[in-house]
Amino acid sequence: MLDIKFIRENADLIKSAATKKRINFNVDDLLVADGKRLEILKEVEDLRGKQNVASESIAKSNGDDRNALIEEMRVVKEELKKKEEDLEEVMKKWRTLMLQVPNIPDVTVPDGVSDADNQEVKKWGEPTKFSFEPLDHVSIMEAQDMADFERGTKVSGFRGYFLKGDGALLEFAVWQLALKHFLSKDLVPIHVPSLVRKETLLGTGYLPGGEEDLYKTQDDEYLAGTGEVATMGYYMDETVDLSNGPIKFLAFSPCFRREAGAHGKDVKGLIRVHEFFKWEQVILCEASHEESVKHHEWLNRNTEEFIELLNIPYHTVANCGGDLGQGQVKKYDIELWVPGENKYREISSASYFHDFQTRRVNTRYKDSEGKLRYAHSLNSTAIPTPRILVSIIENYQQADGTIKVPEALLPYMFGKTVLGKPFRS
RNA sequence: GGAUAGGUGGCUGAGCGGUCUAAAGCAACAGUCUUGAAAACUGUCGUCUGAGCAAUCGGACCGUGAGUUCGAAUCUCACCCUAUCCGCCA
């Protein structure tokens, strides 16, 4: 959500934002509705003012004076009722349009329609070369009894999986390394709920609109698709203290996604599952563009560093306008090399929103002049499992089918340096 | 699941049809006093929104939404949320 004053004064910016994001939104419709809204609001407020004045007189008077005044106000009441109905009608339209206003993408966001137009801004390492034909993670993990997809489906349904033996150990090791790395960045670890109330999803912008990708309970709660939801909900309707610097969280939570729009995609393996775990970085900072930009770069760099610890080839892309969400100002995706598919796959997404989200969740802070302002919010994946296992296993596989443990994970693998047993040559 | 009690400003808490412009206390901020601090005293002290250069003025907000009324924090209805006890339960 944006400030209506800002929208009124920067209608052109909104127009080009919609164009750049490939979002169908007509700001003129909103401005017309807004004009009407202000006009009727003024009338309603004048009538209410009249009523307030008369009300005081009525309280002080009696007898005929009193009855005359009451009669007079009966008419005002009818008029007011009619105007209020008019106002409600305009407000309905106004609110609907307000929720659709796209946030302004940064000037550095590349132009484009879809993820195919995202711009590579960094490339680290070269795609792994093998002296043999590499296997995909599904074949390797099944052969090594590190994952069980058949029983996963039997027990959990489509996209179900078990991580087992070294597969499970590897996941826990990644978590440990992630804790070590990200906590060295002074983030506050927080384990957040996945079961959330509707308000938090409305606040973060996943509702309305994302209903079909969310699991819902019989008590009308939802299972969040990311820890960002509960983390942003943490300070909902509160005034936070940013005088000692930004609030920086490292949130952990199970994540649930129905993947309703992805039925044919990535049907095998650990790339796209209904239930996974994610460590997520979340920042609330002062309402300054420079601050947001600085933290955005920092968040993304934190995750890049983690991937570098694992020594997996990756590249970072700046998402193009058409690949940005309604609220995002700018977004980076980090994509890891996946030998089995011979391409990079997204592992992380770092975005900033200015005050787009905090307006909805109503999280403010007092600035140095004591004025209440909406904070800026940012979030970035720290690390998702099991998706990250795909790249670890495929890039570290050896000719005999075993997997070398990445050096950084050695301290957390209970002495194991190689996973699995030779099964091919 | 059963029963009960509640939702009022940053917090505690009064108000239960018309000076509510929401008491009072605490906290906070400023000042006086003081070498400095504390205490004491004095003053300030909500949010959103519209008009205005500004001082200021108007409107809204007592969990949410409807309703009754000339007038609602106060009455009616529905919903949401919280707490406590019992039951069940990792």
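Student: Which residue of β14 is the bridge partner of Glu238?
Tutor: Strand β8 (residues 238-240) runs parallel to strand β14 (residues 363-366), and the two pair over three bridges. Strands pair if DSSP finds at least two bridges between them; strands (E, at least two residues) and helices (H or I, at least four) are DSSP runs, numbered from the N terminus. In β14, the bridge partner of Glu238 is Thr363.

Student: What pLDDT do local features need in this model?
Tutor: Residues are numbered from 1 along each chain as its sequence is written, while chains are lettered from A and ligands numbered from 1 in the order in which they are written. The model is predicted: totals for chains, interfaces and linings use all residues, side-chain atom pairs count only at pLDDT 80 or more, and local features need pLDDT of at least 70.

Student: Which residue takes a positive phi in the hairpin of β14 and β15?
Tutor: β14 is joined to strand β15 (residues 372-374) by three bridges, in the antiparallel sense. Tyr365 stands opposite Arg373 in β15. Five residues lie between the strands of this hairpin, and the one with a positive phi, near 85°, is Gly370.

Student: Where is Arg159, which has a positive phi although it is not a glycine?
Tutor: Phi of Arg159 is about 70°. Arg159 counts as buried because it has 22 C-beta neighbours inside 10 Å; the cut-offs are 20 or more other C-beta atoms within 10 Å for buried, 12 or fewer for exposed, and partly exposed in between, with C-beta atoms placed from the backbone. The place of Arg159 is in the loop between α6 (149-156) and β3 (162-163).

Student: Is Glu259 buried or partly exposed?
Tutor: Glu259 also has a positive phi, near 55°, and is a residue other than glycine. Its place is in the loop between β9 (247-256) and β10 (275-285). With 16 C-beta neighbours inside 10 Å, Glu259 counts as partly exposed.

Student: Which residues does Val174 contact, leaving aside its neighbours within four places in sequence?
Tutor: Val174 is one of the residues with the most contacts inside the largest nonpolar core, which has 83 residues. Such a core is a set of buried Ala, Val, Leu, Ile, Met, Phe, Trp, Tyr and Cys residues joined through C-beta atoms within 7 Å. A contact between two residues likewise needs their C-beta atoms, placed from the backbone, within 7 Å. Beyond its neighbours in sequence, Val174 is in contact with Ile383, Thr385, Ile388 and Leu409.

Student: Which element gives the most to the surface near RNA strand B?
Tutor: Of the 16 residues around the RNA, Arg48, Gly49, Asn52, Ala59 and Met73 come nearest; a residue is near the strand if its C-beta atom, placed from the backbone, lies within 6 Å of it. α3 (27-60) and α4 (63-98) are the elements that give two or more residues to this surface. With ten residues, the element that gives the most is α3.

Student: How many charged residues does the surface near RNA strand B have?
Tutor: Asp, Glu, Lys and Arg count as charged, Ala, Val, Leu, Ile, Met, Phe, Trp, Tyr, Cys and Pro as nonpolar, and the others, Gly among them, as polar. The surface has six nonpolar and four polar residues, and its charged residues number six.

Student: What percentage of the residues of chain A count as buried?
Tutor: The secondary structure of chain A comes to twelve helices and 18 strands. Its C-alpha trace spans about 105 × 45 × 45 Å along the principal axes. Of the 425 residues, the part that counts as buried is 38%.
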